[in-house]
Amino acid sequence: MDKQLFEYLLRLGDTSLILSQRLSEWCGHGPVLEEDLALTNTALDLLGQARMWLTLAGEVEGQGRDEDQLAYLRDAHQFRNCLLVEQPNGHYGDTMARQFLFDVWHYFLLQQLMQSKDERIAGIAAKAIKEVTYHVRRSSDLVVRLGDGTEESHRRMQAAIDSAWTFAGELFADDEVDQDLAARGIAVERASLFQPWLAHVREVLEEATLTLPQEREAFHLLRRGGLQGRHTESLGYMLAEMQHLQRAYPGARW
């Protein structure tokens, strides 16, 4: 088994899966019907992407585990998602700040993965980027609308960006997994995505009349570790709910 590739695929799959689960919590609770449906559709897009990544991870592992077993039968310390996506939804501005910072990174990541020497990874990235292109456009637009809206929406959106920003640095932190796969032409070094990400984020925040936080605030050493299985307590509570049926009735099928 290619352990480095397996770890990398878990990171891609888990990050999409956990954010999908977070967004699904808004179903029936959105501020307006249009946004309720839009967030649910985004969650479904990410869930579909997670299934593709985790299915491939199971194939690479070669232990007979499929995407369902990887999603529902692992404990929190075995998940490899970034910390940003497991943070609680908060108010709608918090959710959109998290989504915006993630979407922009996700787009540039998939853009590079389309050039992967692993045709399976390139193929999944090519499918996913069509959906993520819309995700970026939508979350960028909402950040502008909330940031350049009322005095209260501006204040709350700025606070939301400042809070989510402290978790963003992990998206660009390379370790031996990223470096090994990048050297083999399979993946991309995360650090190379930072400048294009920052340029897009800066442009949108300027239009939204929001202040770009200082770069160093994004790279707090205590706000990373999810990619290696060190998570905040928020993930454990979420998994308890997400995995309840399969844990209570092992092997249950519809």
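Buried means under 20% relative accessible area, exposed over 50%, and partly exposed in between. The views below use these words for a predicted model.

View 1. Cysteine 27 has 45% relative accessibility, so it counts as partly exposed. Cysteine 82 has 2%, so it counts as buried. How many disulfides does the structure hold? It holds zero. A disulfide is a covalent bond between the sulfur atoms of two cysteines.

**View 2. Arginine 184 pairs with aspartate 2.** Arginine 184 lies in the loop between helix 8 and helix 9. A salt bridge joins this arginine to aspartate 2, with the closest N and O atoms 2.4 Å apart. Arginine 184 is partly exposed, at 34% relative accessible area. Aspartate 2 is partly exposed too, at 25%.

**View 3. Arginine 184 also pairs with aspartate 180.** The two side chains meet in a salt bridge, 2.7 Å from N to O. Aspartate 180 has 27% relative accessibility and counts as partly exposed. Which residues does arginine 184 contact, leaving aside its neighbours within four places in sequence? They are Asp2, Gln4 and Lys117. Arginine 253 is 69 residues from arginine 184 in sequence. Their C-alpha atoms are 40 Å apart in space.

**View 4. Four charged residues form a network.** Arg11, Asp175, Asp178 and Arg190 are linked by salt bridges. The structure as a whole holds 15 salt bridges.

**View 5. Arginine 98 is buried without a salt bridge.** Arginine 98 belongs to helix 5, which covers residues 92–113. What is the nearest side chain of opposite charge to arginine 98? It is glutamate 25, 6.7 Å away. Not counting residues up to four places away in sequence, arginine 98 touches Leu19, Arg22, Leu23, Leu84, Val85, Gln87, Pro88, Asn89 and Ala164.

**View 6. Glutamate 25 meets arginine 22.** The side chains of arginine 22 and glutamate 25 form a salt bridge, 2.9 Å from N to O. Arginine 22 is buried, with a relative accessible area of 7%. Glutamate 25 is partly exposed, at 31%. Arginine 22 is also one of the residues that arginine 98 touches.

View 7. Tyrosine 72 lies in helix 3, residues 67–72. Its relative accessibility is 29%, so it counts as partly exposed. Beyond residues up to four places away in sequence, tyrosine 72 touches Met242, Gln243, Gln246 and Arg247. Tyrosine 134 is 62 residues from tyrosine 72 in sequence and 29 Å from it in space, C-alpha to C-alpha.

**View 8. Three nonpolar residues form a surface patch.** The patch consists of Leu245, Tyr249 and Trp254. Together they have about 520 Å² of accessible area. Where does leucine 245 lie? It lies in helix 11, residues 244–248. Is leucine 245 buried or partly exposed? It is partly exposed, with a relative accessible area of 48%.

**View 9. Arginine 145 and alanine 208 come together from separate parts of the sequence.** Arginine 145 lies in helix 6, residues 119–147. Its relative accessible area is 53%, so it is exposed. Arginine 145 and alanine 208 are 63 residues apart along the chain. Their C-alpha atoms are separated by 6.9 Å.

**View 10. Threonine 209 has a positive phi.** Where is threonine 209? It lies in the loop between helix 9 and helix 10 (233–242). Phi of threonine 209 is near 60 degrees, a positive value in a residue other than glycine. Most residues other than glycine have a negative phi. At 42% relative accessibility, threonine 209 counts as partly exposed.

Technical notes:
Residues are numbered from 1 along each chain as its sequence is written. This is a predicted model: local features need pLDDT of at least 70, side-chain atom pairs count only at pLDDT 80 or more; totals for chains, interfaces and linings use all residues. Side-chain values use heavy atoms; hydrogens and water are left out. A disulfide is a pair of cysteine sulfur atoms within 2.5 Å. Buried means under 20% relative accessible area, exposed over 50%, partly exposed in between (1.4 Å probe, protein chains only). Patches are made of residues with over 30% relative accessible area and no salt bridge: like charges are joined within 9 Å, nonpolar side chains (Val, Leu, Ile, Met, Phe, Trp, Tyr) within 5 Å. Accessible areas come from the Shrake-Rupley method with a 1.4 Å probe; for residues, only the protein chains shown count as cover. Helices (H or I, at least four residues) and strands (E, at least two) are DSSP runs, numbered from the N terminus. Lys and Arg count as positive and Asp and Glu as negative; His and the chain ends are not counted. Contact means heavy atoms within 4.5 Å.
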